[in-house]
Amino acid sequence: VQLQASGGGSVQAGGSLGLSCAASGRTVTTRTMGWFRQAPGTEREFVAAISWSGGATRYADSVKGRFTIARDNAKNTVYLQMNSLKPEDTAVYYCATTRAWSQFKNDYDYWGQGTLVTVSS
């Protein structure tokens, strides 16, 4: 599975950005898709996950109510809509996939290359 994340950029605090992650090489329609992020000098942390059907989602407390994860299995693509962005959301965002229903990065076996999100105050 190859994952290609896109949509990062720079935005002012309070603004919005949408990320996309397109899968190729193999279908991910039966897999959980997740978003993680990593700021400089910190460990990669969980942001959000969506089940294979889209029927279940999970969010980190820090983004709950501001971020929305969604998927389109016909397009083999997962999305992350980020609203009310804060400077502390600044990080490289990675999409990943796993067979499990998990928020733990070690459970994810395929990763995208990451896309940078910068939020200025």
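**The cavity and its surrounding fold**

Cys21, Ala23, Val28, Met33, Arg71, Asn73, Asn76, Thr77 and Val78 line the largest cavity, where lining residues have an atom within 4 Å of a point of a cavity, a set of points on a 1 Å grid over the protein atoms alone where a 1.4 Å probe fits but cannot get out. Two elements, β3 (17–24) and β8 (77–82), each give two or more residues to this lining; strands are DSSP runs (E, at least two residues) numbered from the N terminus. By class, the lining comprises five nonpolar residues, three polar and one charged, with Ala, Val, Met and Cys among the nonpolar types and Arg among the charged.

This is a predicted model, in which local features need pLDDT of at least 70 and side-chain atom pairs pLDDT 80 or more, whereas totals for chains, interfaces and linings use all residues. Residues are numbered from 1 along each chain as its sequence is written, and side-chain values use heavy atoms, without hydrogens and water.

The protein chain contains zero helices and 11 strands. Its radius of gyration, taken over C-alpha atoms, is 13 Å, close to the 14 Å of the globule rule for 121 residues, so the chain is as compact as a globular protein of that length; the rule is 2.2 Å times the number of residues to the power 0.38. Along the principal axes, the C-alpha atoms fill a box of roughly 40 × 25 × 25 Å.

Of the 121 residues, 42% count as buried, that is, under 20% relative accessible area (1.4 Å probe, protein chains only). Among contacts (heavy atoms within 4.5 Å) between residues at least 6 apart in sequence, 57% join residues at least 24 apart.

Notes: On a 1 Å grid over the protein atoms alone, a cavity is a set of points where a 1.4 Å probe fits but cannot get out, and a pocket is an open set with protein on both sides within 12 Å along at least five of seven lines; lining residues have an atom within 4 Å of a point. Helices (H or I, at least four residues) and strands (E, at least two) are DSSP runs, numbered from the N terminus. Buried means under 20% relative accessible area, exposed over 50%, partly exposed in between (1.4 Å probe, protein chains only).
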